[in-house]
Amino acid sequence: MRVANRGKAVGMSERWYKEAVIYCVDVDTFQDSDGDGCGDLRGLISRLDYLSRLGVTCLWLNPIHPTPNRDDGYDVADYYGVEPRIGSLGDFAELALEARERGIRIILDLVVNHTSDQHPWFRSAVSDPASPYRDWYVWSEQEPADRRQGIVFPGEQTETWTWHDEAQAWYYHRFYDFQPDLNWTNPDVRAEIKKVMGFWLQLGASGFRVDAAPFVIELVQPGVQAPPKDFGIMDDWRQDVQWRKGDVVLLCEANVEPEQVVHYLAGRPDGPNDRAHMMFNFLLNPRMWLALARSDAEPVIEGLRSLPALPAMGQWVTFLRNHDELDLSRLTKEQQQDVFRAFAPREEMRLFDRGIRRRLAPMLRNDRRHIELAYSLQFTSPGTPVLRYGEEIGMGENLSLPGRDAIRTPMQWNDGPAGGFSTAAPQDLVRPVPTRGAFGIKNVNVQAQERDRQSLLSWFERAIRTLRECPEVGVGTCTVIDLPLPRSVLVHRFDAPEGAMLFLHNLADQAVTVDVGKLDGEGRPVEVFADSDYPAVTSRLKDLELQGWGYRWIRLRRSNSN
């Protein structure tokens, strides 16, 4: 199967990430294989068939490296190892092999903006000014004037420069004080991280999700308010990983302004995709939540129309919820309040005055119609979808846990002890398993939903299977259909050499009827997925019914030559 791209034939293997379904996993809360209360790589291997049945084609693993675990693994103490609680290097190699046999690739979190303060590099750096690792971090002998600026976690963090008694100097940390930033002006740091990436590619990884990408390329100096960014780091990574393994992907976490997006994907605004392959769509995500809160499609319409054009082979990655808080910082204060009122009415549900620390199902009051509508909206947005573990069965959060741990509870496999996650005693679990209420293991678990053809899990299986039969969403051109529609309705289409798809979504709880009208150059339209059994569509595309929170996926044209 081949598709033309700027005059060049591009094979499926080279664009696999454009038609992927990514599943984000915390290994330590997914499946425990040895009864110690912590999930592990062998447990994850035992659940690969479940993920394959769901339709997952790529696993994104949150940090798996040795760590003091003060920030859920994002404080790395050894880039060349696996956290002993979750397994070994051999276990990872086995996971990569078993996953690949099921058509599933693995990407790892690349957390290289900072290390743990327990990393041997930092311990050496603070012990002796003459240490070869001293310049691997960012230091100041004088108190920086900007030591309280650029804080990422307000309320949990008071400064970005901290005095170190042993080192007798100030060190820089964009995040927590136990996460000192690496010095990316140092060529030795750059060379070492390329070795790290090559190491994991050799063990079977297919790419990396680059954590905090804008801060990695920021060349920090004390007292400099707007330090320069060196995108040459991204250039170097792309060249190196592509040389090592031709189908590797780099996925950037970069919540940046629209005009900055292209710089993470291409060296020139009108040039080819020669940096990262993919970017999380932080521009569209909050607008989707605003639209859901207001029952108004306009925020999504504006978001789709204002998305910057990506270079050929560059790709958006869409999400509704991920491992962090739902970040609303790109919305106005009024818009934020609308989302808070709808989905996080209590202070305990919020984080940093800008985000929500809840899972999707409870945010939408566990209403199946609303949940399906939200995910249909995500799956039919431009790009590659990522799904957070447990969302496919409608798991809830535990607000008694601190911060973002509220949405990092163990996977609920059945209604037995610890929800099938572990055989350990409750007090030995890495985090408590919800046992009571609407989202407890008695009401929400994989085993029960696998037996129920009407379950949310069954819906996800059908939705993902249908999405994978609609490559236009991943590789095609998206166009919003401009019609005199109710404000709650979004109509958009995708066109690609493979064919054309039309999507209708009603973001309100009241039924509507839509007239799209005949679309030029199309064949016989066929509905392939919908929330209800609607009357058959005709080529006139008139009087199209949409239930409250309804959606319809309609194939307009299919090419049999691809």
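Is the crossing of α5 and α7 left-handed or right-handed? The crossing of these two helices is right-handed. Keep in mind as you read that this is a predicted model.

## The chain as a whole

Let's step back for a moment. The protein chain holds 16 helices and 23 strands. Its radius of gyration is 24 Å, close to the 24 Å that the globule rule gives for 562 residues, so the chain is as compact as a globular protein of that length. Taken along the principal axes, the C-alpha atoms fill a box of roughly 75 × 55 × 50 Å.

## Helices α5 and α7

Back to the opening pair. Helix α5 covers residues 187–202 and helix α7 covers residues 232–244. They pack at an angle of about 30°, and their axes lie 10 Å apart. From α5, the contact draws on Arg190, Ile193, Lys194, Met197, Gly198 and Leu201. From α7, the residues taking part are Ile233, Asp236, Trp237, Asp240, Val241 and Arg244.

If you sort this contact by class, you find six nonpolar, one polar and five charged residues.

## Helices α9 and α10

Another helix pair to look at is α9 (residues 285–294) with α10 (residues 298–306). Their axes come within 7 Å and cross at roughly 160°. Angles over 145 degrees count as roughly antiparallel, and α9 and α10 are therefore roughly antiparallel to each other. Their crossing is left-handed.

On the α9 side, Arg287, Met288, Leu290 and Ala291 make the contact, and they meet Pro299, Val300, Glu302 and Gly303 of α10. The residues of this contact divide into five nonpolar, one polar and two charged.

## A three-stranded sheet

Now for some strands. An open sheet is formed by three of them, in the order β6-β8-β7, with antiparallel pairing. Strands β6 (139–140) and β7 (161–164) stand at the edges; each has a single partner strand, so one side of each is left without a neighbour in the sheet.

Strand β8 (residues 169–172) is joined to β6 by two bridges, and here Ser140 stands opposite Trp170 of β8. Between β7 and β8 there are four bridges. One place to look is Trp161, whose bridge partner in β8 is Tyr172. The hairpin of β7 and β8 has four residues between the strands, and in this hairpin Gln168 takes a positive phi near 55°. As a general point when viewing side chains, those of a regular strand alternate between the two faces of the sheet.

How values were computed: Residues are numbered from 1 along each chain as its sequence is written. This is a predicted model: local features need pLDDT of at least 70, side-chain atom pairs count only at pLDDT 80 or more; totals for chains, interfaces and linings use all residues. Side-chain values use heavy atoms; hydrogens and water are left out. Axes are lines fitted to C-alpha atoms, for helices over the stretch in contact, and angles run from 0 to 180 degrees between N-to-C directions. Angles under 35 degrees count as roughly parallel, over 145 as roughly antiparallel, 65 to 115 as roughly perpendicular and the rest as oblique. A crossing is left-handed if the near helix is turned anticlockwise from the far one by less than a right angle, and right-handed if clockwise. Contact means heavy atoms within 4.5 Å. Ala, Val, Leu, Ile, Met, Phe, Trp, Tyr, Cys and Pro count as nonpolar, Asp, Glu, Lys and Arg as charged, and the others, Gly among them, as polar. Two strands pair if DSSP finds at least two bridges between them. The radius of gyration is taken over C-alpha atoms; the globule rule is 2.2 Å times the number of residues to the power 0.38.
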